[in-house]
Amino acid sequence: MNVPVVSVENVSVRLGSSIVLEDVSFSIESPLFVTVVGPNGAGKTTLLKLLLGMVKPFKGSVKVLGLNPFTEHSRLRSLVGYVPQKDKVSYETPLKVGEVVLMGIVLRKGFPRVVSKDDVESARRALAYVGMEDHWESFFNELSGGQQRRVLIARALASDPLLLLLDEVFAGLDSESQEYLINVFKTLRMRGRTIVIVEHEVDPIMELTDRILVLNRFVCVYGDPDEVLSEDKLKPIYPCLRTVESEGRRVFILGDTHA
Ligand SMILES: Nc1ncnc2c1ncn2[C@@H]1O[C@H](COP(=O)(O)OP(=O)(O)O)[C@@H](O)[C@H]1O
Ligand SMILES: [Mg+2]
């Protein structure tokens with residue numbers, strides 16, 4: 001692809017009375033795995049919403065897959081998968097796992113929104129991807145938190161998006177679910193998909209990470225992990241940063257700044 005996957009230039013966003021993103025610029029030129037870290041309230045969720053056209057900047061410009069997220073929203077939504085930050089998405093009407101995934105596919109289609117045989121096939125394939133294919137008939141609300149998150153990721157993946165935006169899908173996940181997700185991410189990366197993931201800790205996804213973006217209202221650092229994760233760059237942003245030596249690797253723990 002010759003247009004950048006993401007291009008954000010001098011963007012500032014105001015929510016209520018506060019400026020939550022200030023003069024943010026970064027670009028993802030080609031398919032990559034980008035990990036966004038930053039303390040609570042840093043604007044990470046807002047950044048993902050910006051890429052989806054869900055929040056509007058009062059300054060600057062945003063292009064995602066060559067599209068303007070505000071004027072070309074529906075076209076963009078069919079190319080981007082999004083898993084919001086939430087421990088439990090619960091549905092008022094009890095929905096089965098298969099229906100949750102199908103809903104994701106159908107909502108991203110134009111009218112008429114009819115479920116086709118292909119859609120069912122795509123939904124089953126996406127569930128198999130995250131190891132949840134045996135749960136088609138299970139009620140979503142009765143699954144464990146980790147299983148629910150896997151289903152939501154399957155829902156985001158079912159339309160085979162070029163860009164996947166994930167908001168803290170790793171935090172607090174059981175190790176089986178983490179393993180499934182790591183494998184899913186590896187496959188997607190191999191297939192040239194771009195993933196932007198917001199997390200508190202870089203370590204569990206370090207092996208996949210091509211670029212790290214450290215955000216704290218503005219972009220503190222953005223670059224290769226080796227370059228970004230030098231303590232002298234991170235210490236001023238994370239006073240509570242801890243580094244631990246583990247199996248010859250330095251592990252960085254970006255502690256929560258809300259004690
Ligand atoms: N709808 C809103 N109205 C006003 N302030 C908001 C709104 N949503 C988020 N904020 C504020 O914007 C800041 C950034 O929020 P968010 O993007 O959720 O941060 P993060 O995901 O990094 O924790 C926080 O201070 C939060 O309180
Ligand atoms: Mg958030």
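The legends below describe several close-up views of one predicted model.

This is a predicted model in which local features need pLDDT of at least 70 and side-chain atom pairs count only at pLDDT 80 or more, while totals for chains, interfaces and linings use all residues. Residues are numbered from 1 along each chain as its sequence is written, chains are lettered from A and ligands numbered from 1 in the order in which they are written, and side-chain values use heavy atoms, with hydrogens and water left out.

**View 1. Backbone atoms beside the oxygen atoms of ligand 1.** A backbone N or O atom of Gly41 lies 2.8 Å from an oxygen atom of the ligand, and for a backbone N or O atom of Ala42 the distance to an oxygen atom of ligand 1 is 3.1 Å. A polar backbone atom of Gly43 is likewise 3.0 Å from an oxygen atom of ligand 1. Taken alone, ligand 1 exposes 560 Å², of which the protein buries 57%; accessible areas come from the Shrake-Rupley method with a 1.4 Å probe, and for residues only the protein chains shown count as cover.

**View 2. The magnesium ion, ligand 2.** Its protein donors are Thr45 (OG1) and Gln85 (OE1), which lie 2.1 to 2.3 Å from the ion; donors are N, O and S atoms within 2.8 Å of the metal (3.2 Å for Na, K and Ca), and water is not among the atoms, so sites may look incomplete. Because Thr45 lies in helix H1 and Gln85 in the loop between strand E5 (80–83) and helix H3 (97–107), the pair ties together parts that are 40 residues apart in sequence. Thr45 is partly exposed at 23% relative accessibility, and Gln85 is partly exposed at 39%, given that buried means under 20% relative accessible area, exposed over 50%, and partly exposed in between (1.4 Å probe, protein chains only).

**View 3. The ring pair of Phe26 and Tyr222.** A search of the whole structure finds 3 aromatic pairs, where rings of Phe, Tyr and Trp (its six-membered ring) pair if their centres lie within 6.5 Å, and planes under 30 degrees apart count as stacked, over 60 as edge-to-face and the rest as tilted. The centres of Phe26 and Tyr222 are 5.7 Å apart and their planes stand at 70°, so this pair is edge-to-face. Phe26 in strand E2 (residues 18–28) and Tyr222 in strand E9 (residues 218–223) are 196 residues apart, and the pair links these distant parts of the chain. Phe26 is buried at 7% relative accessibility, whereas Tyr222 is partly exposed at 24%.

**View 4. The ring pair of Phe33 and Phe185.** With centres 5.7 Å apart and planes at 55°, this pair counts as tilted. Phe33 and Phe185 are both buried, and ring pairs link Phe33, Phe170 and Phe185 into a cluster.

Technical notes: Polar contact = N/O pair within 3.5 Å; in protein donor to acceptor, adjacent residues only side chain to side chain. Helix = DSSP H or I, 4+ residues; strand = E, 2+ residues; numbered from the N terminus.
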